[in-house]
Amino acid sequence: MIVDSHQHFWDPDQVYYSWLVPAYGPIYRTFEPAELEPQLAAAGVDRTVLVQAANNFEDTEAMLAQAAEHEWVGAVVGWVPLYAHKLARKKLDDLMANPWFKGVRHLNHEEPDPDWLVRPEVIDGLKVLEERGLTFDVIAVYPGHLRHVPALAEACPDLRMVIDHLAKPPIASGDYDGWKTELAAAAEHPNVYAKVSGLNTAADWEAWTAADLVEPTGHALEAFGAGRLMFGSDWPVAILAGDYAKVWTETGRALDELGVQGTERAAILGDTAAAFYGIEGRVRP
């Protein structure tokens with residue numbers, strides 16, 4: 001099974017997205033399943049993970065409705081107020097009745113406090129996810145947040161968490177030293193995974209190729225192993241620097257350059273995500 005572990009839909013006429021402003025140009029509009037479906041088919045992707053794009057219940061409800069209508073959506077990562085664990089617990093009672101709801105994410109990089117992730121009340125909320133066997137997508141943008149991941153992993157050792165977009169490595173500058181150290185520290189914890197996603201928008205938007213993905217992907221492979229890495233397109237954010245087809249093709253070329261084949265390649269391109277999010281179903285014929 002080929003799984004895209006990270007994609008979004010949004011409709012600003014129906015849901016409020018605090019970050020989505022006209023300055024984002026080509027992604028400042030509605031994105032719905034009908035636009036993505038043929039691109040998935042062209043790439044041979046069987047399932048996707050639909051990930052939250054707003055810190056509100058409306059976004060989660062819209063995603064769950066879309067998952068119910070499209071078989072290729074294998075899992076939904078929604079939102080609950082982690083900073084209010086009693087309310088989060090109550091909301092999860094409802095959300096967990098939905099078979100597509102698998103985990104939670106919060107746009108913590110939009111929070112004024114760079115240490116929001118390790119606030120005591122947020123840790124309490126993460127413990128609720130841990131108790132219920134849910135997953136947590138960590139927005140750990142380097143250098144502001146990645147350093148907190150080991151603390152989260154220690155506080156919630158049974159919470160399976162995944163670092164989105166490899167924490168946005170500094171591809172454009174090439175100054176990888178600090179990022180490599182912090183990612184390796186996060187990877188020391190067996191409950192921490194990472195997504196090979198969103199790397200094109202961390203590189204030169206106009207000129208990036210597979211060559212730009214090799215070093216960060218190779219370091220992540222060394223740190224986590226293929227069994228804790230998963231491919232994601234980050235569509236439609238990805239179209240700021242290319243399109244779905246380019247992300248898919250160039251990621252494959254980077255894996256070729258790294259000699260990633262067989263079971264390791266299968267893990268990164270689907271098996272890890274399927275196991276992490278509990279995705280079942282047949283592959284495309």
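A cavity is a set of grid points where a 1.4 Å probe fits but cannot get out, whereas a pocket is an open set.

Entry 1: I worked on a predicted model. Rolling a probe the size of a water molecule over the atoms shows where empty space is left. I searched the whole structure and found one cavity of 30 Å³ or more. I noted about 70 Å³ of space in the largest cavity. I then looked up its lining, which includes V196, L199, W208, L213, F231 and V247. Also in that lining are S197, G198, N200, G232, S233 and T251. By class, I recorded six nonpolar residues, six polar residues and no charged ones.

**Entry 2: cis peptide bonds.** Most peptide bonds are trans, and I therefore looked for exceptions. I found a cis bond joining Y142 and P143, with omega at about 5°. P143 sits in the loop between β5 (135-138) and α5 (149-155). I found another cis bond from W235 to P236, with omega near 5°. P236 belongs to the loop between β8 (229-231) and α8 (244-257).

**Entry 3: positive phi.** Most residues other than glycine have a negative phi. I noted that L166, which is not a glycine, has a positive phi near 50°. L166 lies in the loop between β6 (160-163) and α6 (177-187). Is L166 buried or exposed? I counted L166 as buried because its relative accessibility is 0%, and the cut-off for buried is under 20%.

I also looked up D234, whose phi is positive at about 60° although D234 is not a glycine. D234 is in the loop between β8 and α8.

**Entry 4: a surface patch.** Which residues form a nonpolar patch on the surface? I found V21, Y24 and Y28, with about 250 Å² of accessible area together. I looked up Y28 in particular, and Y28 lies in the loop between β1 (3-7) and α1 (33-43). I recorded Y28 as partly exposed because its relative accessible area is 41%, and exposed would require over 50%.

Conventions:
Residues are numbered from 1 along each chain as its sequence is written. This is a predicted model: local features need pLDDT of at least 70, side-chain atom pairs count only at pLDDT 80 or more; totals for chains, interfaces and linings use all residues. Side-chain values use heavy atoms; hydrogens and water are left out. Patches are made of residues with over 30% relative accessible area and no salt bridge: like charges are joined within 9 Å, nonpolar side chains (Val, Leu, Ile, Met, Phe, Trp, Tyr) within 5 Å. Accessible areas come from the Shrake-Rupley method with a 1.4 Å probe; for residues, only the protein chains shown count as cover. A salt bridge is a side-chain nitrogen of Lys or Arg within 4 Å of a carboxyl oxygen of Asp or Glu. Helices (H or I, at least four residues) and strands (E, at least two) are DSSP runs, numbered from the N terminus. Buried means under 20% relative accessible area, exposed over 50%, partly exposed in between (1.4 Å probe, protein chains only). On a 1 Å grid over the protein atoms alone, a cavity is a set of points where a 1.4 Å probe fits but cannot get out, and a pocket is an open set with protein on both sides within 12 Å along at least five of seven lines; lining residues have an atom within 4 Å of a point. Grid points are joined across faces, edges and corners, and a volume is the space filled by probe spheres set on the points. Ala, Val, Leu, Ile, Met, Phe, Trp, Tyr, Cys and Pro count as nonpolar, Asp, Glu, Lys and Arg as charged, and the others, Gly among them, as polar.
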